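User: Hi! Could you walk me through the pockets, the cavity and the charged pairs of this model?

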Amino acid sequence: CRFGYGVRASWSTETASSVTWTVTHWDTRLRAVGEVRYDAGRGMLALRLGAGTTIVHEHRVRNQGMRAGLTGSALEDSATDALPAGELEAVVGLHITGSWLAMVSAGPSLEVLDGSLRGGWVAQIGVGWQP
């Protein structure tokens with residue numbers, strides 16, 4: 001079959017620190033996807049379009065804030081938001097055993113943040129299942 005559809009979920013995290021703050025950022029991407037694919041032996045090439053939401057959580061802690069006697073929101077702060085998003089990816093997969101594949105994908109992404117479009121790039125390495 002040349003066409004496929006499905007759902008995807010992915011999670012990523014990043015922690016960065018400055019003189020003042022340590023910030024931990026989590027992204028959970030939930031997507032409904034459709035793809036056009038070409039199977040070649042044990043390999044698979046595809047072009048995938050995904051749309052859904054990205055749940056973003058950010059936690060900020062003031063460095064050395066406890067030593068300075070800070071408490072509550074002066075010491076730390078958190079925020080969570082869900083953003084409409086989507087991406088277009090080129091996908092390469094290799095059947096390892098049965099229906100399981102090792103997969104690599106990359107492509108441009110868009111998210112709506114504060115009413116404006118923000119562009120970026122998404123790249124993933126993972127495991128897939130294809131019946």
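Predicted model: local features only at pLDDT ≥ 70, side-chain atom pairs only at ≥ 80, totals over all residues.

User: Which residue does Glu-58 pair with in a salt bridge, the closest N and O atoms being 2.4 Å apart?

Analyst: Side chains of opposite charge can pair when their charged atoms come close. Here the closest N and O atoms are 2.4 Å apart. The partner of Glu-58 is Arg-60.

User: Which strands are tied together by the salt bridge between Asp-77 and Arg-60?

Analyst: The two side chains meet at 2.7 Å, N to O. Asp-77 counts as partly exposed because its relative accessibility is 35%. The pair ties together parts that are 17 residues apart in sequence, so the strands asked for are β4, with Asp-77, and β3, with Arg-60.

User: How many residues apart are Glu-89 and Arg-8?

Analyst: These two form a salt bridge whose closest N and O atoms are 2.5 Å apart. Both Glu-89 and Arg-8 are buried. The pair links distant parts of the chain, with Glu-89 in strand β4 and Arg-8 in strand β1, and the separation is 81 residues.

User: Now to the open spaces. Which element gives the most to the lining of the largest pocket?

Analyst: The largest pocket holds about 570 Å³ of space. Its lining draws two or more residues from each of β1, β2, β3, β5 and β6. In all, 25 residues line this pocket, and nearest its centre are Arg-8, Arg-48, Met-103, Gly-128 and Trp-129. With seven residues, the element that gives the most is β1.

User: How many residues in the lining of the second largest pocket are charged?

Analyst: The second largest pocket has a volume of about 190 Å³. Its lining includes Asp-27, Glu-58 and Arg-60, while the largest share, four residues, comes from β4. Four lining residues are nonpolar and two are polar, and the charged ones number six.

User: What is the volume of the largest cavity?

Analyst: The count gives one cavity of 30 Å³ or more. Arg-8, Ala-9, Ser-10, Arg-29, Arg-31, Glu-87 and Gln-124 line the largest cavity, with four charged residues in that lining. The largest share of the lining, three residues, comes from β1. The space in this cavity is about 30 Å³.

User: Last one: which residues make the nonpolar surface patch of about 290 Å²?

Analyst: Patch residues need over 30% relative accessible area. Leu-45, in strand β3, has 47% relative accessibility, so it counts as partly exposed. The patch is made by Tyr-38, Leu-45 and Val-92.

Note on methods
Residues numbered from 1 in each chain as written. Heavy atoms only, no water. 1 Å grid on protein atoms, 1.4 Å probe; cavity = no way out; pocket = protein on both sides within 12 Å on 5 of 7 lines; lining within 4 Å. Points joined across faces, edges and corners; volume = space filled by probe spheres on them. Nonpolar A, V, L, I, M, F, W, Y, C, P; charged D, E, K, R; others polar. Patch = residues over 30% accessible without salt bridge, like charges linked within 9 Å, V, L, I, M, F, W, Y side chains within 5 Å. Areas by Shrake-Rupley, 256 points an atom, 1.4 Å probe, with all protein chains shown as cover. Salt bridge = Lys/Arg side-chain N within 4 Å of Asp/Glu carboxyl O. Buried < 20%, exposed > 50% of the residue type's maximum accessible area, 1.4 Å probe, protein only.
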